[in-house]
Amino acid sequence: MSEENNNGVSHEDEGTIHDVTPVSGMYENWFLDYASYVILERAVPALEDGFKPVQRRIMHALKEMDDGRFNKVANVIGSTMQYHPHGDASIGDAIVHIGQKDLLIDTQGNWGDIRTGDGAAAPRYIEARLSKFGLEVVYNPQTTEWQLSYDGRKKEPVTLPVKFPLLLAQGVEGIAVGLSTKILPHNFCELIKASIDILKGKKPKIYPDFPTGGTADFSEYNQGLRGGKIKVRAKIEEYDKKTLVIKDIPFGTTTTGLIDSIIKANDKGKIKIKQVVDNTAKDIEILVSLAPGQSPDITIDALYAFTDCEVSISPNACVIIDEKPHFLPVNEILKRNTEQTVSLLTRELEIKRHELMEKILFSSLEKIFIENRIYRDIEECETWEAVIETIDQGLEPYKPQFYREITEDDIVRLTEIKIKRISKFDSFKADELLNKLEEDLKETEYNLAHITEFAINYFNNLLEKYGQGRERKTEIASFDSIDTTIVAANNQKLYVNRKDGFVGYGLKKDEYVCDCSDIDDIIVIRRDGKMMVSRVADKVFMGKDILHAGVWKKGDERMTYNLVYVDAKSGRSMVKRFNVTAITRDKEYDLTKGAKGSKIHYLTANPNGEAEIVTVKLTSGSAARKKIFDFDFADLDIKGRGAGGNILTRYAIRKVELKSEGLSTLSGLDLWYDDAIGRLNKDGRGTLIGRFNGDDSILVVYREGSYELTSYELTNRYEYQKILWIERFDPQKVISVVYYDGDSKNYYVKRFQIETTTLGKRFPFISEANGSKLLVATTLLAGKVEIEFTKGKSREKFKEELVLDGLIDVKGWKAIGNKLSVHSVKKVKFLGGQQPEENEQGSTAAQKSTATAVEEETSGTSENVTPPKKPSASTGSKKEDNGYGAGETIELDF
């Protein structure tokens, strides 16, 4: 047995003394070593080539095995294990990860699907080889720095000489000890173009592009640094009024996980659907069938709010530079990768120049050696040294023309020329070869002198060879924030026990109030004049003697409370109108002046600011001469909840009764249309389209030649790419149209008023025949068009101005219309018109007439019109500042 003294020294039986290291010190040193190892050798990629060590070793092993044919992945794993001191599972996962990016490796077999989450087949069943792109940009043994492998038996690259911003193209994710990295994949073509811009001295902006597609908001990307955030959404469209279709999914999710999140949201009552069907094959297609009575627009917002149809990704760009982790913005990473590419191209050109100069030198020596028959002078030499000296003397007159001294090795190479080559030596071919080598040398020296131009050409060549089919998949957009309390399905029923003061969805035996969702806030006003807002729950105590309970919406300026209360201190009865737009949950607010004993006589909650008339009855013992009188709440202004109100009467009130319902005292709701996202808003984003009241609706005219009436709900979604104009609907307006009929091959003009009242349905107002297209659509008065036409067989062109109002009377929207001209029309140009007078609604410019037009040119007669291409819009004339398309001309390129 050994004993230990107070100094931490152990005394063995024989008296030998050993030093003991404290465990704390061992832990500190070992942990730092381990953390450094994981950061440098496992999790974080190098800036130079964008690879983690395991990925670099895989790429090196693939190059060693490369013979142009596919190799079993199991064999690749075995070859990689010569360089990578870890298990085969990590190598196999890394190979699959590289292969699924479809950039460096050509794959064969079942490699899984990142969209569905399906894994790859076993390594013995799948095959891989290096792609042409990988071979071209990743490898060059002459510019590679080498090191010994972990066991000293093999050589492996420190980093691979990648001549491309591969790190940003592939993206990477890794978790180390104490830090992590997450660099998102960027678009192949955009990276090349951005590198070219950097070489031209510009400062490009780059944004991620995900293989799963979708739509992304990069407004908070922060160049990929910590603290940045990206919102990515699935692409959801209306399949029909009862079905939604999901066509793209957010990056990092799978179709299986997405469907599970939808089902969970439905089970929790956040959304209401009947079923979800996954039809994903070559393309993603998930069908979501809606429950009866559910709005497609609201359900789309709810899917974004409560499921994985919208995810938030937080990037964290961390890379290894000089064996240390660094956090860099993606623009800096791109700049350094571009500079590295230029540096590698320079080194390659320098190596090529040296090789060419050596070839020219030896070809010249060979030519001199053979043409001057120096080889005959060595026939009489008896020693090797004499042979070398004789040849050297023969070359002496020509040495000044060479760029370096002639060495013994050069002379030895001359002695190795075979007699057969000497006998067949062709001086003319030798001169041709020298000329070709000298031309190559001049070209190489030119490229070195103009290395930036050479690098730009290099990147353009990559784009031309490999850029096809690598267009951006993720659409860049701006997202509006979704109010979850608006889009959440009403999955609960709210009840109230007024006497005992309880509110909640669990009080099923008490008074029903309204439907609500389980994330709503509930407002309660009691008879003692106290108000409180709390999160809805199964059962919440909010004070006895409840007068009003309902769902409270934050920032709702239209919900107006009309109140009559008695102030206990002065005895006066007060009247007030107020909004409740902001509160602190579970805090009591006093709606009276705060005197103890104050109480409410009368209270109503009015969703649209209605102001009723009430009858006030005073007590019989009152000294007032008039004991019954009416009061109209419309005479009061709407103020904050803390206002004391106006004096209604100084006498005691016996009762306040409703006499008649009132109308809203609020002005119409001003709405703006944001054409960047196709949504309505009240916040002034986009263009003002009008002021809306009651049953007003919105008119949407589409480029395809159809119109649609919609409500003015803020949850509406519009296909902004297809919209010609959008405005507040005025049934008195006349729409004048010029269109081409693809069936009869003629141009028609028609004028009509909107007669339909159905909301949410498109009505085509031009021919639906193949090749038909809308040329002019306007609500301007006396709209004019200029037509260019030919008469008969003559090729002479004539022009004529036509006033649309005089060509045809107003007819139904289904009418075909009249022919625009009896002659062969070649071109139609809209010239403008007059704005109609403002209506009683106080319309803005967006409510006034809107005009659109295209110039249409045909070849030959009107019977030979080419079917239209996909339209694109550009502004043709000045737009009024406060109107959406008011009086503007939009030219469509067919």
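The model is predicted, so local features need pLDDT of at least 70 and side-chain atom pairs count only at pLDDT 80 or more, while totals for chains, interfaces and linings use all residues. Residues are numbered from 1 along each chain as its sequence is written, and side-chain values use heavy atoms, with hydrogens and water left out.

**The sheet**
- Four strands form an open sheet in the order β13-β14-β16-β15, with antiparallel pairing; helices (H or I, at least four residues) and strands (E, at least two) are DSSP runs numbered from the N terminus.
- Because β13 (235-240) and β15 (273-278) stand at the edges with a single partner strand each, one side of each has no neighbour in the sheet.
- Within β16, V288 is the bridge partner of V276.

**Helices on the sheet**
- Helix α8 (residues 255-267) packs on the sheet and touches β14 (243-248), β15 and β16, contact meaning heavy atoms within 4.5 Å.
- The direction of α8 makes about 175 degrees with that of β15, axes being lines fitted to C-alpha atoms, for helices over the stretch in contact, with angles from 0 to 180 degrees between N-to-C directions.
- Helix α9 (residues 296-306) lies across β13, β14 and β16, at about 150 degrees to β13.

**A helix pair**
- The axes of α10 (residues 330-371) and α13 (residues 408-415) come within 11 Å and cross at roughly 55 degrees.
- In α10, L361, F362, L365, E366 and F369 meet D410, R413 and L414 of α13.

Terms used:
Pairing = 2+ DSSP bridges.
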